[in-house]
Amino acid sequence: MKVTDFNLQQTLECGQCFNFEKIDEQEYVVIAFGKVLHITQHAPKSGELTGTSELELDADEEDIKNIWIPYFDLDRDYDEIKSDIEQAEPRLSSAISRYSGLRILNQEFTETLLSFIISQNKNIPQIKKIVRAICEGFGGSGAEVNGVYYRTFPDKKQLETMTEEDFRELKTGFRAPYLVNAVKTGLDGDILRKMSYEDAKAQLTGIKGVGDKVANCVLLFSLGFRSAFPVDVWIKRIMEEMYFGCDTDKKKIEAFAMDRFGKWGGYAQQYLFMHAREK
């Protein structure tokens, strides 16, 4: 299928998801929604993944339409988003241009919640390793890609059987009781999506071990709240440098960003992170 303004590598490797494996340049295995996808992006003759490119998905048409196009946010026009952010902050022009193929995913709720609880004080390779271990130890049936068998993330019923000890054996450390508690809360992503941003965030931060940053990641990357603005150490640093000039409370940074970037706060957060990396 042909896609415009989409870069598979930029989208998967920006820190918003963890259940994937890189096979080759622009070739990945992605595990989501109980499915295992082998996906490759082919650059046009120019060799650059700008404009229109070809996306090869090893999946049937129904799954492509109902799962993967929504998952990769491919049915959304990003021109307005980029234009509005650039007007709000011209200094992001270079990052927006360089990372024009980065899209925000629409991930499954429970997996996203648990993954970002795990993410605290962990780097991306460590998070990915734990998520894969959860799949291999407790996940559902999956599929084989290039001779490697990938299991899917456990469904809610299977997660409910997991104990603190199960999670500890998977190297989750102090997060083990938080993960068990998060599963037991029984929060429903479909219900949270219908709430206001404030109410949905309150529900999430009511879970032990879930603070503002983890809640905003879940709101942004799973629940469709595109104004959500997660503030980690890197975003805090770049926001202080660009706007405040001093050590600033994370809540103040979040409020400032949501006011400045409005409904596109989450996209701005991604470009700000890339801007910081460029510098």
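Is Ser115 buried or exposed, and what is its relative accessible area? I opened this notebook with that question, working from a predicted model.

**Entry 1: Ser115**

I looked up the accessibility of Ser115 and found a relative accessible area of 4%. Buried means under 20%, so Ser115 counts as buried. I then located Ser115 in helix H5, which covers residues 109-118. I also listed its contacts, setting aside neighbours within four places in sequence: Ser115 touches Phe18, Ile127 and Val131.

**Entry 2: The whole protein**

I next turned to the overall fold. I recorded 15 helices and 7 strands in the protein. The radius of gyration is 19 Å, close to the 19 Å that the globule rule gives for 279 residues, so the protein is as compact as a globular protein of that length. Along the principal axes, I noted that the C-alpha trace spans about 50 × 50 × 35 Å.

I looked up burial for the chain as well: buried residues account for 50% of the 279 residues. The protein exposes about 13,200 Å², and carbon and sulfur atoms supply 47% of that area. For contacts between residues at least 6 apart in sequence, I found that 62% join residues at least 24 apart.

**Entry 3: The largest pocket**

I then examined the pockets. The largest pocket has a volume of about 810 Å³. I noted 40 lining residues, of which Gly15, Phe116, Lys213, Asp232 and Trp234 lie nearest the centre of this pocket.

Which helix gives the largest share of the lining of the largest pocket? I found that H12 does, with 6 residues. Helices H6 (124-138), H12 (212-221), H13 (233-244), H14 (250-261) and H15 (265-278) each supply at least two residues of this lining. Sorted by class, the lining of the largest pocket holds 19 nonpolar, 11 polar and 10 charged residues.

**Entry 4: The second largest pocket**

My last entry concerns the second largest pocket, for which I recorded a volume of about 310 Å³. The second largest pocket is lined by 20 residues, and those nearest its centre are Glu108, Phe109, Thr110, Asp155 and Lys156.

Helix H5, where I had placed Ser115, is among the elements that each supply at least two residues of the lining of the second largest pocket. The others I listed are strand E3 (27-32), helix H7 (156-159) and helix H10 (189-193). By class, I found 8 nonpolar, 5 polar and 7 charged residues in the lining of the second largest pocket.

Note on methods: Residues numbered from 1 in each chain as written. Predicted model: local features only at pLDDT ≥ 70, side-chain atom pairs only at ≥ 80, totals over all residues. Heavy atoms only, no water. Helix = DSSP H or I, 4+ residues; strand = E, 2+ residues; numbered from the N terminus. Buried < 20%, exposed > 50% of the residue type's maximum accessible area, 1.4 Å probe, protein only. Contact = heavy atoms within 4.5 Å. 1 Å grid on protein atoms, 1.4 Å probe; cavity = no way out; pocket = protein on both sides within 12 Å on 5 of 7 lines; lining within 4 Å. Points joined across faces, edges and corners; volume = space filled by probe spheres on them. Nonpolar A, V, L, I, M, F, W, Y, C, P; charged D, E, K, R; others polar. Rg over C-alpha atoms; globule rule 2.2 N^0.38 Å. Areas by Shrake-Rupley, 256 points an atom, 1.4 Å probe, with all protein chains shown as cover.
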